[in-house]
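Notebook open, structure loaded. I wanted to look up a helix contact and some ring pairs.

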Amino acid sequence: MKHEDYMQLALAEAQKSVDEGNGPFSVVVVDSKGKVVWKDHDRVLELTDPMAHGEVNAIRYLCKKLNTLSLNGYTFYTTSEPCPTCLTSCIKAQVSKIYYGADTERSASLPLKAINLAKHSKKYPIEVHGGILAKECLEQRQNLLRQIRNLGK
């Protein structure tokens, strides 16, 4: 599969997130052989947990399932640029790479560029690449956020 194929899966997961009453953010996790091992999404409202972002949920699940603190060799595909909390969680879990779609908007709660933060990670280096289906991811995020607002959430 290509990066765009994994991102298409992430886009579908983001739609599922909104359908379940959560935010339009998702992650697809791929192992070193290219196999999708987990998909997750934002569950902040569902769990009443401000930390229940897709990346954090995936890390919690996979580390427990694999009985490890290291996800070295795994790649995360996210529809939106990881927030500082999610990026730091990925670094602590030793995720090898993150590919994301749409950039963080200036209106985000902490609009820091993931690639700039990743450069500071010395103990557990991480590769961050953006722009995979960026237009599609941004359009979906905007549409889904509008959908959420229209539902009064």
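I started with the contact between helix 3 and helix 4: E55, V56 and I59 in helix 3 meet C86, S89 and C90 in helix 4 (contact is heavy atoms within 4.5 Å; helices are DSSP runs of H or I, at least four residues, and strands are runs of E, at least two, numbered from the N terminus). By class I noted 4 nonpolar, 1 polar and 1 charged residues there (Ala, Val, Leu, Ile, Met, Phe, Trp, Tyr, Cys and Pro count as nonpolar, Asp, Glu, Lys and Arg as charged, the others, Gly among them, as polar).

Caveat for myself: this is a predicted model, where local features need pLDDT of at least 70, side-chain atom pairs count only at pLDDT 80 or more, and totals for chains, interfaces and linings use all residues. Residues are numbered from 1 along each chain as its sequence is written, and side-chain values use heavy atoms, with hydrogens and water left out.

Next, aromatics: I searched the whole structure and got 3 aromatic pairs (ring centres of Phe, Tyr and Trp, its six-membered ring, within 6.5 Å; planes under 30 degrees apart are stacked, over 60 edge-to-face, the rest tilted). W38 and Y61 are stacked, because their ring centres are 3.6 Å apart and their planes are at 15°. W38 sits in strand 2 and Y61 in helix 3, 23 residues apart.

Are Y77 and Y99 buried or exposed? Both are buried (under 20% relative accessible area; exposed is over 50%, partly exposed in between, 1.4 Å probe, protein chains only). I also logged that ring pairs link Y6, Y77 and Y99 into a cluster.
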